[in-house]
Amino acid sequence: MSQSPVKPQTEIFSRGYDPQRSEGAAVPPVFRTSTFLFKNAEEGKRAFEIAYGLSPMKAGESPALIYTRVNNPNSEILEDKARSWDQAEDAALFGSGMGAISSTCLAFLRPGDTLLFADPVYGGTEYLFRHMLPLFGIKTRPFPAGGTQAELEALVAGDPTVKAIYLESPANPTIVLSDIAAARAVADRHATPDRKILVMVDNTFMGPIFCSPLKLGADLVIYSATKFFGGHSDLVAGFTMGSKALMGQVKVFRTILGSIADPDTAWLIHRSLATLQVRMEKQQENAQKLVDFLLTHPAVQDLSYPGLPQMGERQLELWKKQCTGTGSIITFKVKGGEAEAFRVLNAIRHMKLAVSLGGVESLIQHPSSMTHSDMTPAEKLHAGITENMIRVSVGLEDVDDLIADLSLALDQAQVSEPAFDCCGCGGDRGI
Ligand SMILES: *Cc1c(COP(=O)(O)O)cnc(C)c1O
């Protein structure tokens, strides 16, 4: 099946679903059932052996379905199609991106192990790593996203407890890319025969269309399917993808932790798959136009967007090496502080003031007080998350309207409150 020369955008229409098993239905029905009937006791026994990892699946074997917490036609069909772009051997659907991240970490990390993670990461991931995994004796250590291979090498060398390197590329919300091939090289250099170091990459912002971490050397790629995969801000889900061997372990943990998505959610993501690539490409086109505008606005500082020369030479090189597009998430700073940023957010009319990203409608938010509010001031400073920072996820509205919207809002931010010129400063002190 994976020998097929067709592109993923074609493959998703045929892979994973056999209409003859569903009365010839052109699209998969929703299998809204909790449990499945076995033809005989032997079939049930074999299905459990595989599901619980007691015995590996044989080539060509198609085990019976058991129970929807383990698997379901809708999740299996979706997994088979969704892995096309990453050319992953196997994929696991989860009830959320955090379900994917937490279940995957628990599948591979044990007390005494260390997880190194590029900082910053998504707020929930940050909390899991800093506050929850340590409760189970798993050590976690941040390192600056976008650091060099030598910096990563220094952390891994001499620490035999390192079991995994976790990257989010680009990082949320700073849009800094991490070097996946460098992480792979470091992981391989310090692995021992009985101790492999896993490279995990959260590819939510770029993937699967504009970056393919597995091809760059990652062992596992993780998605919040809530974002681009779902794409319509109407569901919460996640994916982990990788080799059959690793995913077998992930699926055992998913079954027992109960972190799979329900059949209706799987069906909705399945429906979103056909437009994933066109949505991401059009959203990217809109974002590029919005970036061009933002670069000219006097109230905008430090615009972060993949592939921009302003990101620095190293980041630009990495982008060329790792990405085939720029995506549709933009982060920028407004001249001033939180007050100025809030004035922009409150003046926006067409973009929606909401967290999340990757949907068909544009969303705008304030990382410091919203998605990353659980970080301490020191952690934010370290990660480069400032109070004047704004993150935009660009959707499919007419881009001229989006530009006009942001333009008006930014102009407003720079207008001081009705001048109460207490000290001849012209209101500059913002009193
Ligand atoms: C949203 C997000 C997550 C978490 O996903 P949920 O579906 O909300 O659980 C993880 N990583 C990144 C980069 C995200 O944007």
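Guide: One term before we start: a polar contact here is a pair of N or O atoms within 3.5 Å. Also keep in mind that this is a predicted model.

Visitor: Okay. With that cut-off, how far is the side chain of Lys-227 from an oxygen atom of the ligand?
Guide: An N or O atom in the Lys-227 side chain sits 2.7 Å from a ligand oxygen. Thr-226 has a polar side-chain atom 2.6 Å from an oxygen of the ligand, and for the side chain of Ser-224 the N or O to ligand oxygen distance is 2.8 Å.

Visitor: And how much of the ligand's accessible area does the protein cover?
Guide: On its own the ligand has 380 Å² of accessible area, and the protein covers 93% of that.

Visitor: Which residues come nearest to the ligand?
Guide: There are 14 residues around the ligand, and the nearest are Met-98, Asp-202, Ser-224, Thr-226 and Lys-227.

Visitor: Which helix gives the most to the shell?
Guide: That would be H4, residues 97–108, which puts three residues into the shell around the ligand.

Visitor: Where do Pro-120 and Pro-170 lie?
Guide: Pro-120 is in the loop between strand S2 (114–119) and helix H5 (123–132). Pro-170 is in the loop that runs between strand S4 (162–168) and H7.

Visitor: What about phi of Gln-87?
Guide: Phi of Gln-87 is near 50 degrees, a positive value in a residue other than glycine. You'll find Gln-87 in the loop between helix H3 (73–82) and strand S1 (90–94).

Visitor: Now helix packing. How do H6 and H7 cross?
Guide: The axes of H6 (residues 149–156) and H7 (residues 180–190) come within 10 Å and cross at roughly 30 degrees. Angles under 35 degrees count as roughly parallel, so H6 and H7 are roughly parallel to each other.

Visitor: Is that crossing left-handed or right-handed?
Guide: Right-handed, as H6 passes H7.

Visitor: And what about H3 and H9?
Guide: Their axes come within 8 Å and cross at roughly 30 degrees, with H9 covering residues 263–296. That makes H3 roughly parallel to H9. H3 passes H9 in a left-handed crossing.

Definitions and conventions:
Residues are numbered from 1 along each chain as its sequence is written. This is a predicted model: local features need pLDDT of at least 70, side-chain atom pairs count only at pLDDT 80 or more; totals for chains, interfaces and linings use all residues. Side-chain values use heavy atoms; hydrogens and water are left out. A residue is near a molecule or strand if one of its heavy atoms lies within 4 Å of it. A polar contact is a pair of N or O atoms within 3.5 Å; within protein, one must be able to donate a hydrogen and the other to accept it, and residues adjacent in sequence count only if both atoms are side-chain atoms. Accessible areas come from the Shrake-Rupley method with a 1.4 Å probe; for residues, only the protein chains shown count as cover. Helices (H or I, at least four residues) and strands (E, at least two) are DSSP runs, numbered from the N terminus. Axes are lines fitted to C-alpha atoms, for helices over the stretch in contact, and angles run from 0 to 180 degrees between N-to-C directions. Angles under 35 degrees count as roughly parallel, over 145 as roughly antiparallel, 65 to 115 as roughly perpendicular and the rest as oblique. A crossing is left-handed if the near helix is turned anticlockwise from the far one by less than a right angle, and right-handed if clockwise.
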